[in-house]
Amino acid sequence: MTRLVIEGLVKRFGSVQALKSLNLDIAPGELISLLGPSGCGKTTTLRCVAGFEFADAGRVLFDDVDVSVQPPERRDIGMVFQNYALFPHMTVAQNLAFGLEMRRVGREGIAQRVRDALRMVQLDTMSDRFPRQLSGGQQQRVALARALVIEPKVLLLDEPLANLDATLREEMRFFIRDLQQRVGITTLYVTHDQSEAMVMSDRIVVMFDGQIAQMGRPEQIYAQPENRQVAQFIGRTQLIPGRVQARRSEQLIEFKSALGHITAPGAAQLGAGDAALLAIRPEAITLEATSADAASTPAGSWHACQVERTYFLGGTVDHVLTCSGGVSLIAQTAPAAALAPGRSGRLAIDPQQIWVLPEDRV
Amino acid sequence: MTAIPIERDTPLPRPRTRALWLILPAAALLTVFLLVPYLNIILISLRPTVSGAAWGEGYTLANYARVFGDDYFMGVLADTVWLGLKTTLICLVLGYPVAFHLARTTSRWKGLLYVFVLSPLLVGLVVRSFGWLILLSGNGVINQLLRDWGLIQMPIALMNNTLGVTIALVHVFLPFMILPLIGTIQSIDPNLALAARSLGANGRTVFRRVWLPLSWPGIQAGCILVFVLTLSAYVTPVMLGGPQVKTMSVLVVQALVDNFRWPLGAALALVLAGTGALAVWLFVRAGRPIMRGME
């Protein structure tokens, strides 16, 4: 297994700076997702690791060996493309054999390894088909097998599921993750789909504008976004502006906003008096119906609110609420607990599921 | 492990035959101006040659026996095919890099480059041949320059031989090689080359194993066009080949016009056409394994 290190990577395309000094350290066998909107530099990073682009500054190291100036064919990588890029004039078996032929593996060795790789992706019966005779999901698995059969140091995946339909995409997530862990290969995975990144990654690197906005385990990225961009990109976060009143402890912050005082966990660098944002996800809100007169006198941490609209999403129902203080919030409930539009209710916010983050000046 | 369902390929519905009438105008045109004349030529080629008339009564295979039995005719046929192969190969070697560049470039001069590629076709046949006369003749531009630079004492023979004919034919038929190649190369996914690189192939191997086989439809189309056009070329061989160079089309015109022997001329023309068709068929057959996965 290989450790992949990226040091101070800079890449310019004309006047556009696609990468602004990127640093990454990927442990052997780890799967890291590069997540971000299009144009954030995630694909450029991948292409620099692959050797399809050469960085203007910085280094790429495989196990402490600098490969920055090596062409792709010398780097020992396995790459899966968004459109699979299977050789249309070769059969499935010939596609898989290609990389082994380049490595001068003997004929028997090739046959054996191709067979094993096809069994691994459950396509052993398809070896004599041409790519165009396969479905999208099958082509995807051939591409995966072709990248893995050469036993590369690093596996690079460029939005490999983007061209599949929704059901197949979800199945393939688990399939690829499972395969990656069984093979134990260091993997860099580029995607703009956050749930894909959540399900598959050991760590997620959120990128914006050629820089890393946040890096961490999926739970961290989801629950503790470090800045507004990440909070808004991941999940459906509602940001309530306010001010830090005091630090209660290492983790806890007393925060004042239009929703009143609340004590919640928050970013370490925040101190008393700082402008900050309270991140509330729809699932952090508990919603209850109240009778008309009780609504005017909320007690404790409950806030009175009015249901404006509802959206039925299948497993859950979204409520657009207007709270006391004029704050608009979206709350999620189970369909059985849904309130009709126009009803009054009260809501409580679970302090364990919210997060205070710094208000970055943009 | 998750089981992934295997999708069944459903064939696309066949196009409706209702649209068949759309090809009627073209079919009519071909029938009147190609099929009927061709049948007529076949008939003429089977007539006996007589003096004083275009052809005699009755039918005979004597003209074909004459063509196939005569070493001179067979020699010219071989020369013509050889000229076709040479011209085609040179066009391919010269045209492929140009087509590759044009297919992949994003330069804003692309339009201008296209004009350059098409430029040989923008000049009339006779004018273009005269241009080559001026350049290639014994006291032409090239020979004078070489003499002025002291590289040669005696003029070298650049025309009135196959060399001059080949140069001029390559020049004019190059666009017929380049244009189909551009179309094919443009349709090749550049990620395939990257995929091959990632699997360990160097630039030369990528060209040999990816670009070249996937360009085959364009190579085939371009080669067939240039080959067939070269076989039937007349003005260029006559003007630049002089009296020494004889191709089949020159012989056909001689038989028809100079000697007024229509049946023999028709037989010569048909033997040339048949040879060309046979060569093309062999070529397409040979390329079939390369085309197997592509459709």
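This is a predicted model: local features need pLDDT of at least 70, side-chain atom pairs count only at pLDDT 80 or more; totals for chains, interfaces and linings use all residues.
**Exercise 1.** Work out how helix 10 and helix 13 of chain B are arranged, and which kinds of residues make up their contact.

*Solution.* 

Step 1: Start with the helices themselves. In chain B, helix 10 covers residues 216-232 and helix 13 covers residues 262-287.

Step 2: Look at the geometry. The two pack at an angle of about 165°, and their axes are 11 Å apart. Angles over 145 degrees count as roughly antiparallel, so helix 10 of chain B is roughly antiparallel to helix 13 of chain B.

Step 3: Check the handedness. Helix 10 of chain B makes a right-handed crossing with helix 13 of chain B.

Step 4: Find the residues that meet. Helix 10 of chain B brings residues including B:Trp216, B:Ile224 and B:Phe227. Helix 13 of chain B brings, among them, B:Leu272, B:Ala279 and B:Phe283. Sorted by type, the contact residues of these two helices come to 11 nonpolar, three polar and no charged.

**Exercise 2.** Find the strands that pair with strand 11 of chain A, and say in which sense they run.

*Solution.* 

Step 1: Find strand 11 of chain A, at residues 238-247.

Step 2: Take strand 14 of chain A, residues 275-280, as one partner. Six bridges link it to strand 11 of chain A in the antiparallel sense. Within this pairing, A:Gly242 sits opposite A:Ala276.

Step 3: Now try strand 12 of chain A, residues 252-257. This strand also runs antiparallel to strand 11 of chain A, with five bridges joining them. Here A:Val244 faces A:Phe255.

Step 4: Look at the link. Strands 11 and 12 of chain A form a hairpin, with four residues between them.

Note on methods: Residues are numbered from 1 along each chain as its sequence is written. Chains are lettered from A and ligands numbered from 1 in the order in which they are written. Axes are lines fitted to C-alpha atoms, for helices over the stretch in contact, and angles run from 0 to 180 degrees between N-to-C directions. Angles under 35 degrees count as roughly parallel, over 145 as roughly antiparallel, 65 to 115 as roughly perpendicular and the rest as oblique. A crossing is left-handed if the near helix is turned anticlockwise from the far one by less than a right angle, and right-handed if clockwise. Two residues are in contact if their C-beta atoms, placed from the backbone, lie within 7 Å. Ala, Val, Leu, Ile, Met, Phe, Trp, Tyr, Cys and Pro count as nonpolar, Asp, Glu, Lys and Arg as charged, and the others, Gly among them, as polar. Two strands pair if DSSP finds at least two bridges between them.
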